[in-house]
Amino acid sequence: MAIDFITMLPTSGDRALIGKLTADPSRVDAWRDISDREPSLANLISIVQAAEKGGFDATLLPTGNVCLDSLVTASALISHTEKIKFLFAARPGFTAPAVFARQIGTLDYLSGGRALINVVTGKSPAELAADGDFVPHDARYDRTAEFIHVLKRLFTEDHFDHEGDYYQLRNASLFYKSVQKPRPLIYFGGASEAGKRAAVKEADVYMLWAESLDLTRERIEEVKALAALENRVLDYSISFQVILGDTEEEAWQRAHEIIRHVDPSVIARKESEVTIKDESIGDRRLQKLMNESRANDFQIGPNVWAGLTQVLGGNSIALVGTPDQVADRILEYADLGFTKVLLRGLPFLDTITAIGRDVIPRVREKEKARQRESDSQSA
């Protein structure tokens, strides 16, 4: 099965180098604190059009209190694109499932079937509290599972009742169901035990942040086994940063340049926040992996680098190398069972353009060569 390529839009602003980690949310131009490229409509149009031209199948619109709203942004961009799908992130704690279903159904209808769903449970208690969500960690994942369950029913059933722990609906029905049948795919990620339970019960696509090849193999095999216990088969997505060079040496120079100007106090604060405040098991796993690889310049495998994890949370493991090397590494991870690969990098427009020009065609050609070899062996 061919790989679906996903990227992400920088709705907090874009930058070539990493300096500060957080923005002042009280400012209209708060993006200036962490970025040097405004998340303006014109810039986002340029990036999503470059992604579409470069062969990306979908783009993620993130959620969070330093991001532009994902629904509004997607609505502004659908008329400037033709094929690319929008993976629309939202948090169950802030939107009722019936309201969210209408939003997604409308976006799917207006875009001609290009809406995808990314349900985000949320990682930072401080950020969630700032938006009024005080539900404890494991309970949030129980709520998420129920949210997805109701969402699926809204897209596929008419006039049903639901009586759950978090949501109650009477004679529920969705007028504008999705163009995609039976409904848009639902992406979900969570490294905790509660997150994995929710995923294997309700999600279509389980999303992982990249780790080393061996650790990633362990994680996907674990979730596959849990899904089998539920008599379900999921698709899997993996996420990387990408740092390219004409030579491997040039790529590594660029990798180190990205974080060269970061003040050591910023790195120390980030590690402290993950250790003390962050409930995300995924962030803690990455922090541990980064610390264990420090003596090896954070290299956790051929062309695989944890150096950005010093300053970035979440999707921070990078593929560093020439386009051929990066294509080979993508296929190695895909061989573990990933049918969807999310690629991004700094600055976004330049990196996405380069990936579309130099990496995706190489992956496609290598996929075809593999298929030809397989066909010849079975003939």
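The axes of helices H1 (41–53) and H12 (residues 348–378) come within 9 Å and cross at roughly 10°; axes are lines fitted to C-alpha atoms, for helices over the stretch in contact, with angles from 0 to 180 degrees between N-to-C directions. H1 is therefore roughly parallel to H12, a term for angles under 35 degrees. On the H1 side, the contact (heavy atoms within 4.5 Å) is made by Ser 46, Ile 47, Ala 50 and Ala 51, and on the H12 side by Phe 348, Leu 349, Ile 352 and Thr 353. These residues divide into 6 nonpolar, 2 polar and no charged.

This is a predicted model, in which local features need pLDDT of at least 70 and side-chain atom pairs pLDDT 80 or more, whereas totals for chains, interfaces and linings use all residues. Residues are numbered from 1 along each chain as its sequence is written, and side-chain values use heavy atoms, without hydrogens and water.

H1 also takes part in the surroundings of helix H2 (residues 70–77). In H2, Ser 70, Leu 71, Thr 73, Ala 74 and Leu 77 are buried, that is, under 20% relative accessible area with a 1.4 Å probe, protein chains only. Seen down the H2 axis, the buried residues fall within an arc of 165°, so they line one face of the helix. They pack against H1, strand S2 (58–61), strand S3 (85–90) and helix H3 (97–111).

Notes:
Buried means under 20% relative accessible area, exposed over 50%, partly exposed in between (1.4 Å probe, protein chains only). Helices (H or I, at least four residues) and strands (E, at least two) are DSSP runs, numbered from the N terminus. The arc is that of the directions from the helix axis to the C-beta atoms. Angles under 35 degrees count as roughly parallel, over 145 as roughly antiparallel, 65 to 115 as roughly perpendicular and the rest as oblique. Ala, Val, Leu, Ile, Met, Phe, Trp, Tyr, Cys and Pro count as nonpolar, Asp, Glu, Lys and Arg as charged, and the others, Gly among them, as polar.
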